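Subject: A structure for you to explore

Hi there,

Here is the structure I promised to pass on.

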Amino acid sequence: MKSQLVITLLIAGLNIPVYLELYKHALKSRAIWIKAAITFIFWGAAIATQTMAAFVGIVYLYLTYYRHIRNDVNNDEVDKWHINGSNSLRVVFITVLARTGIAIVNFVYIIILVKFVKYNIQLQDIIVTYSEAQFAAKLILALEIVLVAPIVEEYVFRYFLYDKIFSSRMPLLIAALFSAALFTIVHFNISGIPTFFGLGLLGAYLYQKKGYWAAVIAHAASNLISLLFI
């Protein structure tokens, strides 16, 4: 029952923000039968796959809406929906450095958990599944981990929560802390708390300084590093 509740909350959390934006920018002016059909298809796919409906929705929104606007968030000069090649390389370099520091902190944290708290370390379900999967399944999971998850999670936690919900109501640092905390919670992994929280803060920083795709690239690079270690 608990695991089913967690899955339900996860599906809702990852898909509601995307559906709201789809409704606002693509469905609101449509005929009622189109709204009903798209809504049925979207939530059917969300329940069946957890992330693919959100992923397709974000790609559609980007191609039809976001890439055509200059998004000046909080009156700064950062174009949140475009990134060039040189910035992408800088983001990867920053991510590698940050990931190294975060890994050291997480290693010390795990030692404390094991030696003093006597906590039984458990890997994330996705890591266990990936490790045990056959080659074809590994490729599919790799695409999910390196492409789909970063695009969906950065949209939800950075664009929607950090930018649209939190940053307009509180100082940016507090908004970043809140979004990073929620990002950490939904990964349901006690032994990885420093890693997820650190990556959440990094994502908020890069989103604010370089835009949505910078946060996505950092998230993807971090996940790829994890896969290489696996």
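**The nonpolar cores**

In the largest nonpolar core, which has 44 residues, Trp-81, Val-152, Tyr-155 and Tyr-212 touch the most other members. A nonpolar core here is a set of buried Ala, Val, Leu, Ile, Met, Phe, Trp, Tyr and Cys residues joined through side-chain atoms within 4.5 Å. Buried means under 20% relative accessible area, exposed means over 50%, and partly exposed is in between, using a 1.4 Å probe and protein chains only. Two or more residues each come from helix H1 (2–27), helix H2 (32–49), helix H3 (52–64), helix H4 (85–117), helix H6 (135–166), helix H7 (172–185), helix H8 (193–210) and helix H9 (212–229). H6 gives the most to this core, namely eleven residues. Helices (H or I, at least four residues) and strands (E, at least two) are DSSP runs, numbered from the N terminus.

Apart from this core lies another one of six residues, including Tyr-130, Ala-133, Leu-141 and Leu-227. As background, nonpolar side chains in soluble globular proteins tend to be buried together.

Before you go further, please note that this is a predicted model, where local features need pLDDT of at least 70, side-chain atom pairs count only at pLDDT 80 or more, and totals for chains, interfaces and linings use all residues. Residues are numbered from 1 along each chain as its sequence is written, and side-chain values use heavy atoms, with hydrogens and water left out.

Leaving out residues up to four places away in sequence, Tyr-155 touches Pro-17, Val-18, Glu-21, Ile-58, Leu-61, Tyr-66, Trp-81, Phe-160 and Tyr-212. Contact means heavy atoms within 4.5 Å.

Next, go to Tyr-212, which lies in helix H9. Tyr-212 counts as buried because its relative accessibility is 0%. With residues up to four places away in sequence again not counted, Tyr-212 touches Ile-58, Lys-80, Trp-81, Ile-151, Glu-154, Tyr-155 and Tyr-207. Tyr-212 and Glu-154 are 58 residues apart in sequence, yet their C-alpha atoms are 7.2 Å apart in space.

**Aromatic rings**

How many aromatic pairs does the structure hold? There are 17. Rings of Phe, Tyr and Trp (its six-membered ring) pair if their centres lie within 6.5 Å; planes under 30 degrees apart count as stacked, over 60 as edge-to-face and the rest as tilted.

The ring centres of Tyr-66 and Tyr-159 are 5.5 Å apart and their planes are at 65°, so this pair is edge-to-face. The pair links distant parts of the chain, with Tyr-66 in the loop between H3 and H4 and Tyr-159 in helix H6, 93 residues apart. Tyr-66 counts as buried at 1% relative accessibility, and Tyr-159 counts as buried at 6%.

Tyr-155 and Tyr-159 make a tilted pair, because their ring centres are 4.8 Å apart and their planes are at 45°. Both residues lie in helix H6, four residues apart, about one turn of the helix. One aromatic cluster is formed by Tyr-62, Tyr-65, Tyr-66, Trp-81, Tyr-155, Tyr-159, Tyr-212 and Trp-213.

On a 1 Å grid over the protein atoms alone, a cavity is a set of points where a 1.4 Å probe fits but cannot get out, while a pocket is an open set with protein on both sides within 12 Å along at least five of seven lines; lining residues have an atom within 4 Å of a point. Grid points are joined across faces, edges and corners, and a volume is the space filled by probe spheres set on the points.

The second largest pocket holds about 290 Å³ of space. Its lining has 13 residues, and Leu-22, Ile-38, Phe-42, Val-56 and Gly-57 lie nearest its centre. The largest share of that lining, five residues, comes from H2.

The structure holds one cavity of 30 Å³ or more. The largest cavity has about 60 Å³ of space, and its lining residues include Glu-154, Arg-158, Phe-183 and His-219. H9 gives the most to this lining, with four residues.

Gln-50 sits in the loop between H2 and H3 and, at 28% relative accessibility, counts as partly exposed. Lys-118 is in the loop between H4 and helix H5 (125–132) and counts as exposed, at 65% relative accessibility.

Enjoy exploring!

Best wishes
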